[in-house]
Amino acid sequence: MPSFIPPFRSDSGKTLMDKVEDGILPLINLVFLLLLFFIAVGHLSDDPLPPLPATPAEGDTSAPAADIVIDEDNRWLINQQVVNADQLAQKLPAPDDAKPLRVAAYADISMEELESLFRELEKAGYDKLSLLTEPTL
């Protein structure tokens with residue numbers, strides 16, 4: 001049976017593999033240069049992380065800077081006072097796209113509890129939230 005693929009002929013005496021390697025080498029060099037460029041130019045964010053509920057600063061025993069806190073008993077607290085779903089919109093600051101609402105939650109909180117709070121906040125008009133969580137040990 002005759003072959004339908006013509007034999008590879010090189011005028012320079014290079015094999016097909018040599019020609020493929022010669023074509024890939026500039027691509028490897030370009031990727032390496034891009035990697036060096038992004039390492040040199042890139043920088044980490046200068047914004048510090050917000051304080052977490054269980055990690056106060058040294059000597060600081062105050063509560064976290066959050067608009068609403070979900071405590072270990074799954075209660076919603078605003079300014080250290082327990083609130084329910086009907087009181088959320090009245091006690092929280094007005095929704096602001098420039099400054100998201102800060103929600104602090106303890107480590108053992110279930111996703112069910114967070115979801116119920118998030119649904120109530122969505123009904124009240126809050127589109128952006130920052131969730132502060134407590135790291136588990």
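Is strand β4 (residues 101-105) mostly covered or mostly uncovered? I began with this point and found strand β4 mostly covered, four of its five residues being buried. I took buried to mean under 20% relative accessible area, exposed over 50% and partly exposed in between, with a 1.4 Å probe and protein chains only.

**Basis.** I note that the model is predicted, with local features needing pLDDT of at least 70 and side-chain atom pairs counting only at pLDDT 80 or more, while totals for chains, interfaces and linings use all residues. Residues are numbered from 1 along each chain as its sequence is written, and side-chain values use heavy atoms, with hydrogens and water left out.

**Overall fold.** I looked up the elements and found three helices and five strands, in the order α-β-β-β-α-β-α-β from the N terminus. Helices (H or I, at least four residues) and strands (E, at least two) are DSSP runs numbered from the N terminus. Of the 137 residues in the protein, 18% are buried. For contacts (heavy atoms within 4.5 Å) with a separation of 6 or more, residues 24 or more positions apart account for 65%.

**Strand pairing.** I then asked what joins β4 to β1 (residues 68-70). Three bridges do, and the two strands run parallel; DSSP must find at least two bridges for strands to pair. I noted Val103 in β4 as the bridge partner of Ile68.

**Asp67.** This residue lies in the loop between α1 (16-41) and β1. I list Asp67 as buried because its relative accessible area is 16%. Leaving aside residues up to four places away in sequence, Asp67 touches Leu77, Ile78, Leu92, Pro93, Pro100, Leu101 and Arg102.

**Val82.** I located Val82 in strand β3 (residues 81-83). Its contacts, again not counting residues up to four places away in sequence, are Arg75, Trp76, Leu77 and Gln87. Val82 and Asp71 are 11 residues apart in sequence, and their C-alpha atoms are 9.8 Å apart.

**Second largest pocket.** I read its space as about 150 Å³. Of its 13 lining residues, Ala94, Asp96, Lys99, Pro100 and Leu101 are the closest to the centre. A pocket is an open set of points on a 1 Å grid where a 1.4 Å probe fits, with protein on both sides within 12 Å along at least five of seven lines; lining residues have an atom within 4 Å of a point. I counted the lining as six nonpolar, one polar and six charged residues, with Asp, Glu, Lys and Arg as charged.

Definitions and conventions: Points joined across faces, edges and corners; volume = space filled by probe spheres on them.
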